[in-house]
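Here's a quick briefing on aromatic contacts. Have a look at the model first, then read on.

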Amino acid sequence: MNFKFAKTLLMGSVMTMGAFGLVACGDDSSSGSGPDVPETPIISASSTQDISIKTNNLGSNSRGDEVRFQGTFEVKLDADTTNMAADMNFSAMQFEVAKGAVIPGGSYTPIEGIVSVANPAVGGKLVDLSAMGMGVTVNLANPALTECGDYTLIVKAIVTDTDGKNKESNQYITFNRDPGYYCKSTEPESSSSEPVVEESPLATCTVELSTNLAPGLNLATCTAADAATADVVFSKSGDGDINFKSANGMKFGTLVEDSYSVGYWPEVNNGKAAAYKSDFKYRGINLDGASNMIESADKIYVAQNAAGAFYAFGFAEEDSYAEGNNKDFTFTIKVYHQ
């Protein structure tokens with residue numbers, strides 16, 4: 001729910017980012033005599049949204065443990081404000097995270113030190129929160145996040161004119177920490193006499209197939225198989241896509257939304273030598289097949305046979321298919337097998 005950035009900046013309480021003025025808001029209280037117990041501030045959620053600052057497409061999406069935030073802040077350039085806007089540029093972006101859905105005019109308690117920014121530089125008339133801009137993210141596995149459910153990213157964008165006067169826009173972007181994954185009930189500990197079962201890594205392989213000459217796939221051996229008995233049988237669809245089903249009772253499922261995907265493989269992004277079954281988060285394996293693989297070329301599918309053997313597969317790359325004669329396709333599949 002780790003599409004990781006190579007360069008991240010952990011935002012602490014009231015940390016100023018050099019001349020760019022990038023700050024993560026918080027409270028820097030000093031301690032007097034007695035125990036050093038930090039105070040957690042309660043902050044009023046500002047509803048200020050100056051008309052000089054325009055926002056577009058604010059939102060979030062998750063990949064693995066990482067939540068990515070998207071959207072832009074822009075100095076508004078229209079007929080009424082052009083002269084004024086020409087003298088204004090972004091001087092700071094401030095970020096905080098709070099539990100629950102924060103409502104402007106209400107109050108919240110910030111959770112310190114969990115916002116990461118890949119590119120902290122701020123300036124000019126446009127700020128992009130996405131990976132192509134600042135790269136603002138939150139890691140859902142951060143131990144500072146102790147609960148599940150909704151959280152809110154509080155964003156304060158500040159522009160400054162040549163006279164040193166500030167204008168600001170406060171925005172609130174909600175995201176979710178999945179209780180089904182991050183807040184599962186604790187399993188009872190096994191007795192010391194029971195052996196510890198270690199999860200086995202999954203092997204990977206790739207196989208070239210086609211919808212006419214080699215449409216069947218045996219997942220256990222990662223080989224083309226007789227379509228009449230294969231685990232997965234691929235076929236072309238009438239609208240120029242690829243469908244699949246099983247010829248032997250294999251059932252299928254898909255990963256939870258915004259989990260791993262083609263090109264965003266779990267072993268690579270977790271820095272491991274191999275992937276494990278537990279890396280693939282799914283809600284069920286009960287489908288007879290799937291359609292429109294090309295339309296969803298980044299999707300990874302999971303599969304299980306009657307004996308309980310687990311598999312995962314998808315295109316080797318998002319573009320590892322080619323259309324040939326009679327609208328048939330040749331393509332390469334990557335398989336994870338036990």
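This is a predicted model: local features need pLDDT of at least 70, side-chain atom pairs count only at pLDDT 80 or more; totals for chains, interfaces and linings use all residues.

Side-chain values use heavy atoms, with hydrogens and water left out, and residues are numbered from 1 along each chain as its sequence is written.

**Aromatic pairs**
- There are 18 aromatic pairs in the structure; Phe, Tyr and Trp rings (the six-membered one for Trp) pair if their centres lie within 6.5 Å, with planes under 30 degrees apart called stacked, over 60 edge-to-face and the rest tilted.
- Phe244 pairs edge-to-face with Phe252, at 5.0 Å centre to centre and 75 degrees between the planes.
- Phe244 is buried, as is Phe252.
- Phe252 also forms an edge-to-face pair with Phe313, at 6.2 Å and 80 degrees.
- That pair links distant parts of the chain, 61 residues apart: Phe252 sits in strand 20 (residues 251-254) and Phe313 in strand 23 (residues 310-315), strands being DSSP runs of E, at least two residues, numbered from the N terminus.
- Phe313 is buried because its relative accessible area is 0%.

**The cluster**
- One aromatic cluster includes Phe244, Phe252 and Phe313, with Tyr301 and Tyr321 also among its members.

**Charges over rings**
- Lys281 lies over the face of Tyr181, 3.6 Å from the ring centre (the cut-offs: NZ of Lys or CZ of Arg within 6 Å of the ring centre and within 35 degrees of the ring normal).
- Lys99 lies over the face of Tyr151, at 5.1 Å from the ring centre.

Conventions
Buried means under 20% relative accessible area, exposed over 50%, partly exposed in between (1.4 Å probe, protein chains only). Helices (H or I, at least four residues) and strands (E, at least two) are DSSP runs, numbered from the N terminus.
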